[in-house]
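This briefing covers aromatic rings and the charged groups placed over them. Please look at the sequence and the structure first.

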Amino acid sequence: MYVPKHFEENREEEIKRIIENYPLATLVGNTKNGIVANHIPLLLYKSFNSKKILIGHIARANKLHEELQYDDNVMVIFKSEDAYISPNWYPTRNNKKEHVPTWNYQSVHLYGKISFNNEKNFLLKTVKELTNIFEKSNKKKTDWKMNDVSSEYLSSMLNGIVGFEIIVTKQIAKSKLNQNREKEDVLNVIKELKNNGYPFLSNSMNKL
């Protein structure tokens, strides 16, 4: 990913915020059948020996677990809210300053080594962790819980998936948020993004 110096994202809390709010990642691997990409919700599970670990699962019918070997290198892409930025949103344009359109976005690329796991305990842990996060706090009576289904049904569902974890070895993140523009232009872009329904992106710009 091309990342000019002024668009580098090195704030760990912001990277974590992007991953947690936009967990549907693109998992890219170079398999024996060529480069493949899968769209999979992933959870940043924990850090181990200062390494990030991603966990997730795929359908057993997905041949990815057969096409990739243990510890093969993969890339995972998380992308947050994005929006077209019109030159009309820059107040400095009224002072005869020329501008062109652009696109604002944030993206995190994580590189790592993947390993698949069919053990029932690992699958249960993975599904439980994903459910706990994506069903919010599980404190509401309406939240879905794993015990909402029978043990027989849950077992049949677990038989249909393969779990995996990715130990992250490299991280590149980019926040392209008009850092190279005048302050008055940035403030107006934030206002326009809010008005056009981009709360996450406008908040990201406010946090710079």
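How many aromatic pairs does a search of the whole structure find? The search finds three aromatic pairs, and two of them are described below. The model is predicted, and the values given here are computed from it.

**Tyr84 and Trp103**

- Tyr84 pairs with Trp103 in an edge-to-face arrangement, with 5.9 Å from centre to centre and 70 degrees between the planes.
- Because Tyr84 belongs to strand β6 (residues 83-85) and Trp103 to strand β7 (residues 102-117), the pair ties together parts that are 19 residues apart in sequence.
- Tyr84 has a relative accessibility of 40%, so this residue counts as partly exposed.
- Trp103 also counts as partly exposed, at 42% relative accessibility.

**Phe116 and Phe164**

- Phe116 and Phe164 make an edge-to-face pair, at 6.0 Å centre to centre and with 65 degrees between the planes.
- This pair links distant parts of the chain: Phe116 is in strand β7 and Phe164 is in strand β8 (residues 161-176), 48 residues apart.
- Phe116 has a relative accessible area of 22% and is therefore partly exposed; the cut-off for buried is under 20%.
- Phe164 is buried, because its relative accessibility is 0%.

**Charged groups over rings**

- Arg17 places its charged end over the ring of Phe200, at 3.9 Å from the ring's centre.
- Over the face of Tyr111 lies Lys170, 5.1 Å from the ring centre.

Terms used: Residues are numbered from 1 along each chain as its sequence is written. This is a predicted model: local features need pLDDT of at least 70, side-chain atom pairs count only at pLDDT 80 or more; totals for chains, interfaces and linings use all residues. Side-chain values use heavy atoms; hydrogens and water are left out. Rings of Phe, Tyr and Trp (its six-membered ring) pair if their centres lie within 6.5 Å; planes under 30 degrees apart count as stacked, over 60 as edge-to-face and the rest as tilted. Helices (H or I, at least four residues) and strands (E, at least two) are DSSP runs, numbered from the N terminus. Buried means under 20% relative accessible area, exposed over 50%, partly exposed in between (1.4 Å probe, protein chains only). A charge sits over a ring if NZ of Lys or CZ of Arg is within 6 Å of the ring centre and within 35 degrees of the ring normal.
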